[in-house]
Amino acid sequence: MHCNRLRLDVAGRLFLGLFLLSVSVQAQDSSSPLTNLKRLLEGNERFVTGKLKPRDYLAERVQLAEAQHPYAIIVTCADSRLSPEILFDESLGKLFVVRTAGHVVDPVVLGSIEYAAEHLHVNLVFFLGHENCGAVKAAIAGGEFSPNISALTTRIRPAVDKALNRVSGDKELLNAAIAENVQYQMSLALFQSDPLKHLVGEQKVVIAGGVYQLRSGRVQMIEPSNSHSTSEGNESAASENLSKKQLADSKETEAKVAGTRARKSEQAKISFAEEVRHAFEEKLNLELQKPMLMRNNDDRCFFDDCRSIPAGEKVKVVSPQILKIMGRHQLRVSYKGQRIYVLADPEAFRMGS
Ligand SMILES: [Zn+2]
């Protein structure tokens with residue numbers, strides 16, 4: 001659990017740190033993550049204003065034939081309207097681009113990111129969502145999809161649920177879910193990739209995110225939902241603020257967990273899938289309160305161990321890949337130091353239930 005918590009803390013620190021630092025710090029060298037982020041955003045500004053750099057692709061492609069040295073990994077949606085090289089006004093060999101609908105993260109995507117970070121030494125990972133994203137719309141709408149499209153929407157749905165907690169209108173929900181999905185995929189990347197987590201922990205890699213505005217062409221940086229910007233002009237002040245904020249955040253999280261448990265006891269009908277999602281977002285704690293989760297017969301348990309857990313006991317959802325676990329209708333939990341597989345009610349996993 002400590003490991004999982006550490007991962008989430010690293011993610012939180014990074015998101016916040018990036019914003020605190022990006023407003024105030026002059027990067028130390030020409031290839032620092034923040035310099036590279038600045039370069040990306042300057043390219044986007046040229047795109048927005050139509051002042052594009054001239055390119056000589058014929059010469060550049062010959063120069064690049066032997067090796068590539070990209071300076072940023074862009075993880076973005078497959079949508080045809082947001083080609084990263086165009087909207088960041090970059091050329092061949094500069095951006096290592098990984099695209100899936102809804103920029104969802106899975107092992108293949110993570111393998112691509114890890115390759116670029118570890119072997120090409122790219123120190124900036126930028127998650128780029130966009131307005132009016134069809135994949136996010138599909139995750140909001142729910143319904144019947146092919147298994148492969150479901151694999152996408154299932155990975156976006158937790159972000160939609162988070163957005164649902166704070167907005168109501170359709171347009172508001174879509175925009176909120178798009179922003180949440182950027183943050184969610186950033187979190188998943190850290191959570192599910194040990195190499196990335198280590199590189200970020202050692203401050204060798206920075207992960208940032210933004211949302212592309214279709215009409216203006218502008219990439220709007222994503223601000224962490226509970227962070228604040230600082231006008232402090234130096235890195236140490238920013239770091240100090242960061243520590244204070246982290247402390248406040250952890251207390252706030254504890255309060256949220258307590259609040260969620262209270263709500264859960266009131267809402268007896270909360271779906272199991274919802275409960276697992278909350279558990280995933282809130283330190284992976286789960287209370288075994290649902291009869292559907294625990295039943296004293298063989299078809300609910302993979303191993304004898306799980307039958308010995310009484311309903312109402314607290315267990316911890318074991319990493320990794322909770323979504324995969326959910327997709328397989330299993331829950332891997334930790335109870336009294338043991339790792340146990342619990343088979344859950346498949347009906348509970350229907351999206352939108
Ligand atoms: Zn999209």
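Trainee: Which residue follows helix H9, and what is its phi?

Mentor: Glutamine 203 follows H9, and its phi is positive, near 60°. This is a predicted model, in which local features need pLDDT of at least 70 and side-chain atom pairs count only at pLDDT 80 or more, while totals for chains, interfaces and linings use all residues. Residues are numbered from 1 along each chain as its sequence is written, and side-chain values use heavy atoms, with hydrogens and water left out.

Trainee: How do you know which side of H9 holds its buried residues?

Mentor: The buried residues in H9 are Leu196, Lys197, Leu199 and Val200. They cover an arc of only 165° around the axis, so they sit on the same side of H9, the arc being that of the directions from the helix axis to the C-beta atoms.

Trainee: What makes serine 193 a cap of H9?

Mentor: A side-chain oxygen of serine 193 lies 3.1 Å from the backbone nitrogen of leucine 196, at the N-terminal end of the helix. A polar contact is a pair of N or O atoms within 3.5 Å, where within protein one must be able to donate a hydrogen and the other to accept it, and residues adjacent in sequence count only if both atoms are side-chain atoms.

Trainee: How do you know which atoms are the protein donors of the zinc ion?

Mentor: Donors are N, O and S atoms within 2.8 Å of the metal (3.2 Å for Na, K and Ca), and sites may look incomplete because water is not among the atoms. Cys77 (SG), His130 (NE2) and Cys133 (SG) lie 2.0 to 2.3 Å from the zinc ion, so they qualify. Cysteine 77, in the loop between strand S1 (72–76) and helix H4 (84–87), and histidine 130, in strand S3 (residues 124–130), are 53 residues apart.

Trainee: How is the pair of phenylalanine 96 and tyrosine 115 classed, and why?

Mentor: Their ring centres are 6.2 Å apart and their planes are at 45°, so the pair is tilted. Phenylalanine 96 belongs to strand S2 and tyrosine 115 to helix H5 (residues 107–119), 19 residues apart. Phenylalanine 96, at 15%, is buried, whereas tyrosine 115, at 39%, counts as partly exposed.

Trainee: What makes a group of residues a nonpolar core?

Mentor: Its members are buried Ala, Val, Leu, Ile, Met, Phe, Trp, Tyr and Cys residues joined through side-chain atoms within 4.5 Å. The largest such core has 43 residues, and Ile73, Ile113, Val125, Phe127, Leu196 and Ile207 touch the most other members. Helix H8 (residues 170–192) gives the most to this core, with 11 residues.

Definitions and conventions. Buried < 20%, exposed > 50% of the residue type's maximum accessible area, 1.4 Å probe, protein only. Helix = DSSP H or I, 4+ residues; strand = E, 2+ residues; numbered from the N terminus. Phe/Tyr/Trp six-rings, centres within 6.5 Å; stacked < 30°, edge-to-face > 60°.
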